[in-house]
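Subject: The structure I promised you

Hello,

Here is the structure I said I would pass on. Please open it beside this message, and my notes follow below.

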Amino acid sequence: MQGKEKHQKHVNEKENQVNDTDLTFNTDENAAGSAHLNEPVAEQGQIEKLEAEIQEQKDKYLRLLAEFENYKRRTAKERIELQQTAGKEVIVALLEVLDDCDRAEKQLNESDNIALQKEGIQLVFNKLRNILQSKGLKVMDSLQHEFDTEKHEAITEIAAPTEALKGKVLDEIQKGYYLNDKLIRFAKVVVGK
């Protein structure tokens, strides 16, 4: 039994030695590794400075976000107004033609002179064409040109009277139009085969 006690005592001493060497406590506030305990005021000032900078950045962000939202609202309103008044210029220009149509209608009811009526109606048609051309409308010239699927819509094909007219536009059912050189309506045509 004494051997067991001796052995137990020896094991306990070894554990104490390991525990004593592993655990070292530094209680000196000036010793290395304790610098964070000595300068709490300096760090507190730095933290406050960083918090102030963060708050300033948040403030700038919120102002920028509000400005952007105002910009989006303003441009959406302008876009709606533009869509509502986009045709105003053309409509105002066409009011003159409408006035001429009213005068021509009145003249048709009051006079039986066909030549005079014909001349008045022709003037109205010419005025309408001139106003639309001044706004950028241009008629597509299709007759006797090669059939082009980018500009023409074939309604039907008929036998070409000559070999040279095969694959070309022989007749226009409905004219095609450009607005400022952009195609806005295909020409409906008859093509020779």
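This is a predicted model: local features need pLDDT of at least 70, side-chain atom pairs count only at pLDDT 80 or more; totals for chains, interfaces and linings use all residues.

Helix α4 covers residues 88–110, and its 23 residues, at 1.5 Å a residue, should span 33 Å; the end C-alpha atoms are 33 Å apart, which agrees. The expected span here is 1.5 Å times one less than the number of residues.

Residues are numbered from 1 along each chain as its sequence is written, and side-chain values use heavy atoms, with hydrogens and water left out.

Back to α4: which of its residues are buried? They are A93, V97, D100 and A104. Buried means under 20% relative accessible area, exposed means over 50%, and partly exposed lies in between (1.4 Å probe, protein chains only). An α-helix has 3.6 residues a turn, so residues three or four places apart point the same way. The buried residues of α4 pack against α5, which covers 114–134.

Q117 is in helix α5 and counts as buried, at 12% relative accessibility. Leaving aside neighbours within four places in sequence, Q117 is in contact with Q107, L108, S111 and D112. Contact means heavy atoms within 4.5 Å.

Now the overall layout. The protein has five helices and six strands, and from the N terminus on the elements run α-α-α-α-α-β-β-β-β-β-β. Of the 193 residues in the protein, buried ones make up 12%. Among contacts between residues at least 6 apart in sequence, 59% join residues at least 24 apart.

On to the strands. Two strands pair if DSSP finds at least two bridges between them; axes are lines fitted to C-alpha atoms, for helices over the stretch in contact, and angles run from 0 to 180 degrees between N-to-C directions. β3 and β6 run antiparallel and are joined by four bridges. V169 has V191 as its bridge partner in β6.

Those two valines turn up again in the largest nonpolar core, whose six residues are M140, V169, Y178, A187, V189 and V191. β6 gives the largest share of this core, three residues. Apart from it lies another core of five residues, among them A93, V97, V124 and I131. A nonpolar core is a set of buried Ala, Val, Leu, Ile, Met, Phe, Trp, Tyr and Cys residues joined through side-chain atoms within 4.5 Å.

Is G192 buried or exposed? With a relative accessible area of 3%, G192 is buried. G192 lies in β6, residues 187–192. G192 and I158 are 34 residues apart in sequence, but 5.2 Å apart in space, C-alpha to C-alpha. Not counting residues up to four places away in sequence, G192 touches I158, A160, L165, K166, G167, K168 and L170.

Another open sheet has three strands in the order β1-β4-β5, with antiparallel pairing. Here the edge strands are β1 and β5, each pairing on one side only. The twist averages 35° from one strand to the next. β4 and β5 pair over three bridges, and L179 has K182 as its bridge partner in β5.

The loop between β4 (177–179) and β5 (182–185) holds D181. D181 has a positive phi of about 65° although it is not a glycine. D181 is exposed, with a relative accessible area of 63%. Q144 also has a positive phi of about 65° and is not a glycine; Q144 is found in the loop between β1 (137–139) and β2.

Happy browsing, and best wishes

Conventions
Helices (H or I, at least four residues) and strands (E, at least two) are DSSP runs, numbered from the N terminus.
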